[in-house]
Amino acid sequence: MGVCISTTQRDMLWCGTVTQQTAHKNTMVICVLGRYLLKSSLCSRSWCRKSSLYSAGHGFQPEEIREKLRAYPGGAVDLLTQGDTGLAVLTVNNPSRMNAFSGAMMVELEERVSQLESWTQGKGLIVRGAAGTFCSGSDLNAVRAMSNPQDGMKMCMFMQDALTRLQRLPLVSVALVEGRALGGGSELSTACDFRLMTPDSVIQFVHKHMGLVPGWGGAARLVRLVGDRHALRLLGGALKVDPELGLRIGLADGVLEEGAPQDGDEGAALRQAEEWLSRYTKGPAEVIRAAKRVVSSGRELPLTEALRAEKEVFGTVWGGEANLGALAGKTKHK
């Protein structure tokens, strides 16, 4: 006996009996379209833009601050990007002053962060100092010249903004701490995801000796890294954190091999840092960058917002080249 079906029913039956090949093609089209729409949605969010911590309502006028800081020259902040590995090296370069930040270097740091924000193929970042010293904070010449509260607050906002953007980069970052990281240098180290120390290195929040507290975001980041009690000990006691103490309290993530930097090869520590970092940057750039984004949102956003951000980042890699390649190759969990 025949069965009569409506046009709508017939269409539904046809949709349910399409060939596997056609279904696979449709799935790929949907995945690509979905990734595009989700990526567009994600990039409209604040964590995907080069957004500032502060606005004009806070008295934050970036160009005015840049002009004031440029009046205090000296040193440089160098950036080397490696397209073949996806790794970049940011070097604080002012050896005659133990790599202290001049005003002009603060502006250069922000400019280098802007470059890295636009580097879409990047996966990892090493932050280091020149000539075997990490960074001794602010150049006292600039500090003395900007000692009034108004200028101090402007510099504070500018550096908080630059270092927060550094921390939010979709790159896995590590501070290579050789020699001493003092004051603002210790704050700079906390803006990285990880910290590697050479055997003779020291991280010290010396701010209290200058009658100050951290102002570049270092205190807030330190509490999240080591907890409030350890943070208070480090700030209140201006304790010298050697590699052993750093590992014990969670400020350091690794110590480079004994003796390597003393072999007369200035690049030995950097090569060790690159090798250490490479374990976290192997794989497609879009996957590594997505991993960093979900960690950044989880670290900074309330749970509900972080979950939504994770969902949107997930959408940018689901059905992507790396995902489809893994499925086609029947990649197994190891």
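This is a predicted model: local features need pLDDT of at least 70, side-chain atom pairs count only at pLDDT 80 or more; totals for chains, interfaces and linings use all residues.

Start by selecting strand 1 (76-82) and strand 9 (254-255), the edge strands, each of which pairs on one side only. They belong to an open sheet of six strands with mixed pairing, in the order 1-2-3-4-6-9. Next, select strand 4 (residues 172-177) and strand 6 (residues 194-197), which run parallel and are joined by four bridges.

**Core.** Which residues touch the most other members of the largest nonpolar core? Select F101 and L125: they hold that place in a core of 48 residues. Then show helix 6 (residues 149-168), which supplies seven residues, the largest share of this core.

Now centre on L125 and display its contacts. Leaving aside neighbours within four places in sequence, these include A88, V89, L90 and L116. Also among them are L166, L169, L171, V172, S173, V174 and L277. Another core, of 14 residues, lies apart from the largest one; select V89, V172, A273 and W276 to see some of its members.

**Surface.** Finish with L140, V143, M210 and L212, a nonpolar surface patch with about 350 Å² of accessible area together. V143 sits in helix 5 (residues 140-145). Is V143 buried or partly exposed? V143 is partly exposed, because its relative accessible area is 30%. By contrast, nonpolar side chains in soluble globular proteins tend to be buried together.

Methods. Residues are numbered from 1 along each chain as its sequence is written. Side-chain values use heavy atoms; hydrogens and water are left out. A nonpolar core is a set of buried Ala, Val, Leu, Ile, Met, Phe, Trp, Tyr and Cys residues joined through side-chain atoms within 4.5 Å. Buried means under 20% relative accessible area, exposed over 50%, partly exposed in between (1.4 Å probe, protein chains only). Helices (H or I, at least four residues) and strands (E, at least two) are DSSP runs, numbered from the N terminus. Contact means heavy atoms within 4.5 Å. Patches are made of residues with over 30% relative accessible area and no salt bridge: like charges are joined within 9 Å, nonpolar side chains (Val, Leu, Ile, Met, Phe, Trp, Tyr) within 5 Å. Accessible areas come from the Shrake-Rupley method with a 1.4 Å probe; for residues, only the protein chains shown count as cover. A salt bridge is a side-chain nitrogen of Lys or Arg within 4 Å of a carboxyl oxygen of Asp or Glu. Two strands pair if DSSP finds at least two bridges between them.
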